[in-house]
Structure formats: structure tokens, C-alpha cells
Amino acid sequence: MGYLAFLKFSIYLVFLVNAGSWPFVWHLRVFWPIIVARLRFLLLRASLLFKSPSERKRIVAESVEALCPVGANPFELVTVYRRWASIDDVDMFGIHLSNSSYAKALDSARLRVMWKAFPAWSVSRGVIALGATHYHFIREIPCFARYEVRISIAAWDQKWVYVVARYVTPPKRRRTDKATANGALTTHNQSPADSDTDISPPSHSSLNGTATSNTNGFISETDKLEKTLTEALAATNKRSRTPIVEPDGSVLHCIAVSQLCFKQGRISVPPALALACEGFCNPPPCPVDPSAEPGSVPIKYSASNPPPHWAKVRDMRVPPTGSMKRFKEFLAGGWKTSAEETGDKWWEEALSGPIEERRKKNLEVLHALRTGMEGVRVLY
């Protein structure tokens with residue numbers, strides 16, 4: 001092989017191994033869920049070409065409604081985004097994932113969870129603006145290692161919604177068996193799907209790596225977000241190499257907290273309103289089938305068994321009484337007028353009770369993080 005041939009081969013090789021950093025690759029990776037969704041809607045509209053206008057609007061609206069997570073608990077919805085530490089993502093020494101690559105992966109993961117959790121909001125052309133992101137690096141991710149970004153909603157206030165991302169490397173079979181033997185592994189109805197993105201069942205750990213059963217029989221994570229943060233800080237302070245292990249045997253490498261705001265034009269929309277309009281709600285108070293035996297699992301809310309507030313949402317959004325235009329007007333300020341005239345804040349009622357209690361407890365931890373970072377501004 002001559003000098004020029006070797007040089008050409010080297011250039012091609014460098015170009016190939018850095019394929020993840022080619023122009024527009026980042027944009028394609030981040031916006032891929034939106035691109036796929038737009039193509040599906042275009043195909044749907046094309047298939048309805050010979051339908052009447054009213055029928056087309058109704059079918060399109062129902063297709064959006066079918067995507068909404070009706071009856072879901074916002075704290076139990078976990079989105080999993082899968083990546084691997086490629087050469088163009090590692091540091092200059094090629095040892096482990098570069099710190100900047102955590103942010104690059106989170107960009108893609110964050111948009112996926114926003115689209116999966118808020119499909120109607122996305123179709124209404126609403127914006128979810130990023131206000132801040134805080135990272136806590138715990139343990140490096142080696143080069144070529146496969147890892148997951150598990151994202152869940154942690155809390156919200158009147159303006160901000162806080163989303164927690166956990167970077168983990170999936171367990172090897174030996175580690176999983178060991179965790180099961182030690183009683184540290186919870187059972188799951190399914191493993192993460194084979195695709196890059198997965199909406200996991202409520203039994204998946206989202207905030208603190210533990211899962212418990214409440215008195216109603218539902219599986220949910222415990223409401224102590226500070227446990228994870230305490231373990232992470234302790235591992236850092238002690239410079240310990242002992243890994244922080246998730247319930248499924250995965251190793252925790254990093255925690256990221258994102259602070260997001262819902263915007264319709266220049267209007268900030270309360271996160272509780274956006275959540276309720278997607279179908280998130282409390283479980284039924286005591287919805288046990290009368291013919292069922294005592295101790296039976298309560299019937300959950302779903303699209304076929306919607307929560308009480310869902311009729312109001314559909315009335316705004318689905319023809320013949322509603323439309324996406326009417327829904328956008330409601331989000332852009334109509335909710336204020338409605339609350340003042342009727343005094344009915346149904347979106348807060350939908351997320352009251354145990355969800356409100358959980359929100360307040362998690363918010364104490366997250367507000368402490370936010371105020372601490374804001375306090376740093378005055379140090380210099």
C-alpha cells in the first residue's frame with residue numbers, strides 16, 4: 001500500500017468512525033420522533049382525501065387522542081432512550097464518554113419523552129422551553145459501552161416542570177442474577193423494548209431506584225427523591241468505586257435534572273394543565289368491581305375507562321364540539337378566563353390527592369437544587 005493510498009484509507013476511516021458527528025446527524029437524531037409523526041399524519045391525511053371535511057377532522061383528532069397516555073400517573077411514566085459510547089462521543093483519550101456527550105444524548109431523550117408524554121400539546125404547536133439542566137456525574141461510562149437514559153417527570157410548580165434523567169448501563173446476566181439473589185431486584189412485566197425508545201411500565205424505577213406497592217394495589221416508586229441524590233453525593237465524597245445499582249441491576253452513572261416550561265406563544269401554561277390535558281390523573285379512589293373478591297386490584301383509568309375530567313378535554317379538542325384551534329385558544333389564556341368565570345380548575349382536581357402529595361415532597365428537593373444554583377450567582 002502506497003503512502004497516498006494509506007493516507008486516503010486513514011481519512012476515510014476517521015470520517016467513518018465519526019459518523020455520529022456528521023453535519024445534520026444531530027438534528028436528525030433529535031428531531032426523528034417529530035419527523036416520523038409528521039410523516040404518519042401526512043399519510044393519514046392522504047388516505048382521507050375522499051372523506052368529507054368534517055369526517056377528516058374527526059378521524060385526525062381521534063388519532064391524536066389515541067396517542068395520549070389517558071389514566072397514567074405522571075410519576076410512573078418512564079421513557080428509555082438507548083445509546084452507546086461511540087468513538088466520536090468519548091474524550092480525547094478514548095477512555096470514557098465525554099461530559100459534553102451526556103448533554104447531546106439528553107437532547108434526543110428529552111424530545112422523545114416530551115413527544116410520548118405530550119402528543120396533543122405537540123400537535124397544538126406548543127413549545128416546551130428548556131430553562132436549565134443540572135448534571136451530577138457519578139461514574140464514567142466506558143468507551144463502546146451501551147447505556148440508557150431513563151427519563152421521568154419528578155415534580156412541577158406553577159411554571160416549571162422538573163424532569164430527571166438517569167444514565168445507566170444495563171446489567172449483565174451475572175450481575176442481574178446476583179441482584180435477584182440479594183433481593184435487590186424488583187420484578188417487571190416486561191423488559192425495555194428493542195427500539196431506541198421505550199415507555200416502561202410503572203414498576204420501572206424512575207426517581208430513586210426502589211419500588212413499592214401502595215394500599216390500592218398499584219405498583220409505584222417511593223416518594224423519596226433525596227435517597228438517590230444522597231447516595232450519589234456519598235459516593236462522590238468518599239471517592240468510592242462501589243457502584244450505585246438500580247433495582248434491575250443497572251449501574252447508575254449520572255443524574256441530570258432539567259427545568260422545562262410550557263409555552264403557547266408568549267403565554268406560560270401551568271404544567272398541571274398540560275398534564276391533565278394529556279390524560280394524566282390520579283387512580284380511581286375505590287373503583288373495585290362489586291362482583292370482584294375482596295382485595296382485588298382496582299380498575300385503572302384508561303382510554304376505554306377515562307377519568308372524569310377527560311370529557312371536558314375531548315369537548316374542547318374533538319369535533320363536532322371541539323377543534324385543535326379551540327384547544328390552542330384555551331391553552332393560550334382561555335383557561336384563566338374559564339377559571340375566573342366558573343371557579344372550576346378541573347386540571348388541579350385531576351392531579352390532586354396522592355399525586356399532589358408526591359409532587360410537593362419531590363418539589364422540596366428540586367427547589368433546593370434550583371435555589372442553590374441561583375444562589376451561586378451572587379458569590380462573585
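**Close-ups from a predicted model**

**View 1. Phenylalanine 144 sits out in the open, exposed with a relative accessible area of 52%.** The model shown here and in the other views is predicted. Look for phenylalanine 144 in the loop between β2 and β3 (146-156). Most residues other than glycine have a negative phi.

**View 2. Arginine 125 is another non-glycine residue with a positive phi, here about 65°.** You'll find arginine 125 in the loop between α5 (119-123) and β2 (127-137). Arginine 125 is exposed, and its relative accessible area comes to 58%.

**View 3. Aspartate 88 is buried but has no salt bridge.** What aspartate 88 does have is a side-chain polar contact with serine 86 at 2.6 Å, plus one with the side chain of serine 21 at 2.8 Å. Leaving out residues up to four places away in sequence, aspartate 88 touches Val17, Asn18, Gly20, Ser21 and Lys104. The loop holding aspartate 88 runs between β1 (78-84) and α4 (99-117).

**View 4. Helices α2 (residues 25-47) and α4 pack with their axes 8 Å apart.** The angle is about 10°, so α2 is roughly parallel to α4. Residues in the contact include Trp26, Phe31 and Trp32 of α2, and Lys104, Leu111 and Trp115 of α4.

**View 5. Proline 319 and proline 320 are joined by a cis peptide bond.** Omega is about 10°. Proline 320 belongs to the loop between α9 (310-317) and α10 (324-342).

Methods: Residues numbered from 1 in each chain as written. Predicted model: local features only at pLDDT ≥ 70, side-chain atom pairs only at ≥ 80, totals over all residues. Heavy atoms only, no water. Helix = DSSP H or I, 4+ residues; strand = E, 2+ residues; numbered from the N terminus. Buried < 20%, exposed > 50% of the residue type's maximum accessible area, 1.4 Å probe, protein only. Lys, Arg positive; Asp, Glu negative; His and termini not counted. Salt bridge = Lys/Arg side-chain N within 4 Å of Asp/Glu carboxyl O. Polar contact = N/O pair within 3.5 Å; in protein donor to acceptor, adjacent residues only side chain to side chain. Contact = heavy atoms within 4.5 Å. Axes fitted to C-alpha atoms, helices over the stretch in contact; angles between N-to-C directions. Parallel < 35°, antiparallel > 145°, perpendicular 65-115°, else oblique.
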